[in-house]
Amino acid sequence: MNKNYYAVLMAGGVGSRFWPVSTTENPKQFHDMLGTGDTLIQKTFSRLNRFIPTENILILTNERYNDLVLEQLPMVSQEQVVLEPAMRNTAPCILYAALKIQKMNPNGVMIVAPSDHWIEDEQAFENDVKTCFEKCENEEVLCTLGIQPTYPNTGFGYIEYQKGSETQLKKVAQFREKPDSETAKDFLAQGNFLWNAGIFMWSVKTIVNAFKNYQEEQYKLFESGMSCYNTSGETAFIAENYPKAENISIDYAILENSKAIYTLPATFDWNDLGTWGALYEKLDKDAHENAVVNSDTLLVDAKGNMIRSAKGKIIVVDGLEDYIIVDKDDVLLIYPKSKQQDIKKVRGQVQENFGDQFA
């Protein structure tokens with residue numbers, strides 16, 4: 001394995017659209033959402049560990065998930081779990097991780113990847129990342145993997161790349177916000193738009209320089225801790241200084257400003273598993289298009305439903321079509337798939353009415 005390869009796993013999100021399975025205390029990345037025997041973070045770690053040394057994979061997460069990470073990834077050390085003492089979006093934690101890696105290995109190249117995505121063809125994923133790594137090692141560029149859109153999705157941001165290039169990696173023209181339906185259709189018709197999966201690659205030198213150029217205050221704040229990183233003094237420095245960081249995404253902080261960004265149209269199938277409906281698409285179905293995880297079911301006149309419970313629970317459904325049915329501890333959710341984006345809002349209402357322990 002290449003000792004210059006590093007990975008940063010983003011594992012701090014709550015995944016509120018997967019409520020009631022995904023909760024503040026135990027979010028979706030720590031669950032076996034697909035019924036495969038592995039949680040999403042375990043699957044992601046394994047995928048990266050194919051070509052990145054175990055000790056070179058950092059897990060970025062909230063302080064409250066430290067024990068969950070160590071429990072599910074027993075092969076990593078405490079030093080590899082990079083804890084955020086405050087929620088400050090993606091830019092500060094990526095800079096923090098990049099400086100830690102730079103201190104370990106100034107020649108490092110790194111991938112930043114969410115811990116909760118579904119990617120089946122792991123060899124194709126590895127090949128694509130290595131293609132980007134090679135460019136990042138030889139040029140001062142930022143790279144991202146773009147997903148070939150299969151329909152005009154309004155839930156993703158898009159990457160617009162410059163037309164006319166015959167090379168594998170395309171120069172990014174601009175990043176586009178989540179579009180409305182008509183705009184999404186127009187993007188697909190133009191043919192040079194990809195879904196933004198939030199998977200980034202760069203050398204540590206390049207990304208640190210980008211922060212120095214475009215986020216000077218942020219850079220100075222974190223760079224002042226270089227003598228502490230990877231030592232016993234790191235925790236105290238981060239506890240004091242991390243909350244001072246600006247709350248800003250890597251997209252707005254760096255990607256909107258950089259003039260040297262390239263995208264590789266991914267050669268693998270991808271799903272961000274952002275909603276119950278997205279999970280439903282990836283699961284095996286019965287003859288009536290019902291997707292069932294864990295449950296023993298008796299289904300009558302039931303079609304197109306997503307059903308999940310604890311193992312061994314018997315679920316009886318009669319006369320429901322296109323519903324999400326999730327039984328988890330003290331909460332039972334029976335909700336139309338067509339309104340799945342509202343589950344985040346419903347979770348908030350349950351929290352307000354019945355208490356934090358249900359959210």
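**Exercise 1.** Find which residues Lys-170 touches, not counting residues up to four places away in sequence, and decide whether Lys-170 is buried or exposed.

*Solution.* Taking contact to mean heavy atoms within 4.5 Å, Lys-170 touches Tyr-161, Ser-165, Ile-261, Tyr-262, Thr-263 and Pro-265, with residues up to four places away in sequence left out. The relative accessible area of Lys-170 is 13%, and buried means under 20%, exposed over 50% and partly exposed in between, with a 1.4 Å probe and protein chains only, so Lys-170 is buried.

This is a predicted model, in which local features need pLDDT of at least 70 and side-chain atom pairs count only at pLDDT 80 or more, while totals for chains, interfaces and linings use all residues. Residues are numbered from 1 along each chain as its sequence is written, and side-chain values use heavy atoms, with hydrogens and water left out.

**Exercise 2.** Determine how many disulfides the structure holds, and examine Cys-93 and Cys-132.

*Solution.* A disulfide is a pair of cysteine sulfur atoms within 2.5 Å, and the structure holds zero disulfides. For Cys-93, which is in no disulfide, the nearest cysteine sulfur is that of Cys-136, 18 Å away. Cys-132 is likewise in no disulfide, and the nearest cysteine sulfur, belonging to Cys-143, lies 4.6 Å away. Cys-93 is buried, with a relative accessible area of 2%, and Cys-132 also counts as buried, at 0% relative accessibility.
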